[in-house]
Amino acid sequence: MTGTTRSSAGLASEGLDARRRKLLFRSWHRGLREMDLILGTFADAEIGALTSEEIDQYERLLDIPDTEFLPMVTGELPVPADVDCAVLQKILAFRHSMTF
């Protein structure tokens, strides 16, 4: 599995600026498959609609190692106040709407 609509169809660069393309790639190539699926599908669906401020937030979130980030996203650990942001809340809401 290499991604969903935007990524696997070769549409990653279509209509996206270089920074968003890079973040889309990073979303699908995290290291932990679980994070690839969560962040990759989120990025496929939302990366084009995020504001400049939200892109900054998303970039900071992608800098968090998977071993720290996954437990926050799955609810196993509370989200620290310095990590909580609008984009993280979007990711959490998106994750809860995902069906596998």
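Helix H3 has 14 residues and spans 19 Å from its first C-alpha to its last, close to the 20 Å expected at 1.5 Å a residue. The model is predicted. H3 is mostly covered, with ten of its 14 residues buried. In soluble globular proteins, nonpolar side chains tend to be buried together.

**The nonpolar core**

- The largest nonpolar core holds 29 residues. Ile47, Tyr58, Leu61, Phe69 and Ile91 touch the most other members.
- Helices H2 (18–28), H3 (33–46), H4 (52–62), H5 (66–74) and H6 (86–97) each supply at least two residues of this core.
- H3 gives the largest share, six residues.
- Phe69 touches Arg30, Met35, Leu39, Leu61, Ile64 and Leu88, leaving aside residues up to four places away in sequence.

**Buried residues of H3**

- The buried residues of H3 include Met35, Leu39, Phe42 and Ala43.
- Asp36, Thr41 and Asp44 are also among them.

**Aromatic pairs**

- The structure holds two aromatic pairs.
- The ring centres of Phe42 and Tyr58 lie 5.7 Å apart and their planes meet at 50°, so this pair is tilted.
- Phe42 sits in H3 and Tyr58 in H4, 16 residues apart, so the pair links distant parts of the chain.
- Phe42 counts as buried because its relative accessibility is 1%, under the 20% cut-off.
- Tyr58 is buried too, at 0% relative accessible area.
- Phe42 and Phe94 form an edge-to-face pair, 5.7 Å centre to centre with 80° between the planes.
- This pair joins H3 to H6, with its two residues 52 residues apart.
- Phe94 is buried, with a relative accessible area of 19%.
- Phe42, Tyr58 and Phe94 form one aromatic cluster.

Notes: Residues numbered from 1 in each chain as written. Predicted model: local features only at pLDDT ≥ 70, side-chain atom pairs only at ≥ 80, totals over all residues. Heavy atoms only, no water. Core = buried A, V, L, I, M, F, W, Y, C linked by side-chain atoms within 4.5 Å. Buried < 20%, exposed > 50% of the residue type's maximum accessible area, 1.4 Å probe, protein only. Helix = DSSP H or I, 4+ residues; strand = E, 2+ residues; numbered from the N terminus. Contact = heavy atoms within 4.5 Å. Expected span 1.5 Å × (residues − 1). Phe/Tyr/Trp six-rings, centres within 6.5 Å; stacked < 30°, edge-to-face > 60°.
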